[in-house]
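Welcome! Please take a look at the sequence and the structure shown here, and then we will walk through them together.

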Amino acid sequence: MCGALAVRYYLLLGNTAGHPSYGIAVEAGGEGEAVLDVTVSRSQADALMRRLIAGSVTAVTVRDIVDDWLLE
């Protein structure tokens with residue numbers, strides 16, 4: 001929950017060059033955002049998901065947060 005807003009987080013499974021790839025989707029308050037092909041590592045995707053949940057990241061800011069995470 002982000003305040004009184006229910007936030008839903010989804011781990012997405014895709015395919016990049018014949019290999020599994022993982023993305024993230026966030027839905028809150030009728031808005032949603034998906035960031036595809038973030039990583040090919042399931043453990044990294046899980047770690048990112050935990051960070052998003054802990055920070056109550058919403059659909060509005062998820063793309064910026066993921067971009068920052070990729071630059072770490």
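The model you see is a predicted one.

Let us start with the overall build. The protein chain has two helices and three strands, and along the sequence they come in the order β-β-β-α-α. A compact globule of 72 residues would have a radius of gyration near 11 Å, and the 12 Å of the protein chain agrees with that. Its C-alpha trace spans about 40 × 25 × 15 Å along the principal axes. Of the residues, 31% count as buried, and the accessible surface of the protein chain comes to about 4500 Å², with 54% of it belonging to carbon and sulfur atoms.

Now to the strands. How much of strand 2 is buried? Seven of the 10 residues in strand 2 (residues 19-28) are, so the strand is mostly covered.

| Strand pair | Direction | Bridges |
|---|---|---|
| strand 1 (residues 7-16) and strand 2 | antiparallel | 10 bridges |
| strand 2 and strand 3 (residues 31-39) | antiparallel | six bridges |

Within these pairs, Tyr9 has Val26 of strand 2 as its bridge partner, and Tyr22 stands opposite Thr39 in strand 3.

Finally, the turns. The hairpin of strand 1 and strand 2 has two residues between the strands, and Ala17 there takes a positive phi near 50°. Strand 2 and strand 3 also form a hairpin with two residues between them, where Gly29 in the turn has a positive phi of about 55°.

Methods: Residues numbered from 1 in each chain as written. Predicted model: local features only at pLDDT ≥ 70, side-chain atom pairs only at ≥ 80, totals over all residues. Heavy atoms only, no water. Helix = DSSP H or I, 4+ residues; strand = E, 2+ residues; numbered from the N terminus. Rg over C-alpha atoms; globule rule 2.2 N^0.38 Å. Buried < 20%, exposed > 50% of the residue type's maximum accessible area, 1.4 Å probe, protein only. Areas by Shrake-Rupley, 256 points an atom, 1.4 Å probe, with all protein chains shown as cover. Pairing = 2+ DSSP bridges.
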